[in-house]
Amino acid sequence: MTDSVKISVPPPELLAKKRITREGLLPWITTPVLVFAMVVVWHVYVKTTGISAFILPAPSTVWTEWLAMLDSPRAWRHTYFTIYATLVGFFWAIVIGVGLGVMIARIRWLEQTLNPFIVATQVVPKVALVPLFVVWFGFGITSKVIVAAVLAFFPILTNTVLGVKSIDEGHRDVMTSLNATRWQIFKRLELPSALPYILTGLEVGIVLAIIGAIVGEYLGGNTGLGALLIARMNAYETDQMFAVLIHMSLLGFAFYFAIGALRRVLIPWHQSASH
Amino acid sequence: MSSAAATSTDPHPAIGLKAIEKWYGTRDTPVHALAPTDLAVPEGQFLVLLGPSGCGKTTLLRMIGGLIEPTSGELSIEGKNLWRGGDRQSEALSELGMVFQEANLFPWLTIEQNIALPLELKGVDKDKRLARARELCKLVGIAGFEKRWPKELSGGMRQRAAIARALSYDPHILLMDEPFGALDAMTRDAMNLELQRIWMETKKTVVLVTHSIGEAVFLADRIVLLSPRPGRIDSIIDVPFPRARGTEVQTSAEFQAIVRRLRVRLAEIS
């Protein structure tokens, strides 16, 4: 009898998931440098051409206006309104998108029945429907929530369907041979297996949700960052328009990175979580 | 070489097949995957199903494992019927552990969580099942890797974890479908030695599918040679070498004689 084959355990640092490499550090240096360079070009352009502040305000003025926004409770009320509309819309997009996606992926006739309608809702330019939503749901927050949800829904749905359909047959065999119940198969195999796909859907979805909320605010009501932007435009306050734009972009970044953080928490085993 | 007298005289075999048959496909283009087959595997035996592709060996193993329902015939595990009215019987299933060609570990579970998964499904509490997983890691030679993700392990080590998972709930029977088919030749030889050791330590009944003649002769107490179109038992060969077999057995004249006989017969029936 031969001895069992000995396997030595490699030191943990060799298997460490996240290694700090030069490539990993690069964006932390290049991003601030490039942003700074952009601002310098912007500044020099404004100073040398003497362009009207109505067309392009100087970066320093925009900065001052943005800081003033941060100090203004009114601006924050608009911000919270947009955040709320985005998140509530996004929430319903997840509930309907993931729920319907799981069902469609498992039930063949349901997929065939619903597919033409789902494609139709995608082909119709949804932003063009916003006036209709305003007519139906009024100038309040409901119409914004619905636009956000309608926009975010589709990528979440398609990614969920793809995720549930991509489940490894071998993994299914394991669960079948273990006599797992339908619920156990869903909870222990289908959901974790589809999660990386669903999170990709969420990453696209959150960005669309914020776009939906802002477009909704453009066209109806007087609250929210979208409405604020339109108000500044009508008042010819281009510098404040820029400040609102910066505010919106930062909000988008925050949401996007929140999903990225969720990825690292929920699926640390997946490659996509390591960068 | 004995003829196809597959039914042993053992009144209580670990696995009993009576006229098990399998048809695939549609009414217009039916495929006869397995002709009515009788087979009895005594408890503790290491049985190898060997045959060319299309001989129904994997179909046969998957039927024993309850993954495919036979078209007709009776299939008993430890005297209990596996199928009753289209449903699998859980008492029979819990005597079976399956190992596939791919390790099929869940990438979102660590090695110990993977090994403990069957116990989790059965409702065993966490401390108990993880303790069992750690014990099995030692048995299959992957101690120290309990908290790793599957992707951090080599192919051979992943297959060891898959064997540990199949053993977790201590079934009496281990079913293995070309478990080392995806491994390189050297790892495969090492894994064959390991499998023999694990089998001798755990005293399980093993049914292993392979298309490697050398692997079959090295591992088996008894080889069931299957021929294709339709799949059926061609012959049964007992392999007499004493245990534990070392690598040197493979160079013996007797070993080579059995390999040669099987190779000639395989060429005739393929």
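This is a predicted model: local features need pLDDT of at least 70, side-chain atom pairs count only at pLDDT 80 or more; totals for chains, interfaces and linings use all residues.
Residues are numbered from 1 along each chain as its sequence is written, chains are lettered from A and ligands numbered from 1 in the order in which they are written, and side-chain values use heavy atoms, with hydrogens and water left out.

Let's start where the chains meet. Counting contact as heavy atoms within 4.5 Å, 33 residues of chain B touch 31 residues of chain A. Together the two chains bury about 3,000 Å², 66% of it on carbon and sulfur atoms; buried area here is the accessible area (1.4 Å probe) that two parts lose on being put together, summed over both. F106(B), W108(B) and L121(B) supply 22% of the area that chain B buries against chain A, more than any other three residues.

In a salt bridge between D173(A) and R62(B), the side chains meet at 3.0 Å, N to O. On the chain B side, α2 (90-93), α3 (111-121), α5 (155-167) and α6 (185-202) each supply at least two of the residues that touch chain A. Helices and strands are DSSP runs, numbered from the N terminus: H or I of at least four residues for helices, E of at least two for strands.

Now follow α9 of chain A, residues 182-219. This helix has 38 residues, yet its end C-alpha atoms are only 46 Å apart, short of the 56 Å that a straight helix would reach at 1.5 Å a residue; that expected span is 1.5 Å times one less than the number of residues. A kink of about 45° lies at L195(A), shortly before the proline P196(A), the bend being the angle between axes fitted to the seven residues ending there and the seven starting there. Just after α9(A), G221(A) takes a positive phi of about 85°.

The side chains of E190(A) and R172(A) form a salt bridge at 3.1 Å, N to O. Because E190(A) lies in α9 and R172(A) in α8 (residues 169-177) of chain A, the pair ties together parts that are 18 residues apart in sequence. Over all chains, the salt bridges come to 20.

Most residues other than glycine have a negative phi, and most peptide bonds are trans. The peptide bond from R229(B) to P230(B) is cis, with omega near -15°, and P230(B) sits in the loop between β11 (222-227) and β12 (232-238). The bond from R243(B) to A244(B) is cis as well, with omega near -10°; A244(B) is in the loop between β12 and α8 (253-269) of chain B. A19(B), in strand β1 (residues 15-25), has a positive phi of about 50° although it is not a glycine.

How values were computed:
A salt bridge is a side-chain nitrogen of Lys or Arg within 4 Å of a carboxyl oxygen of Asp or Glu.
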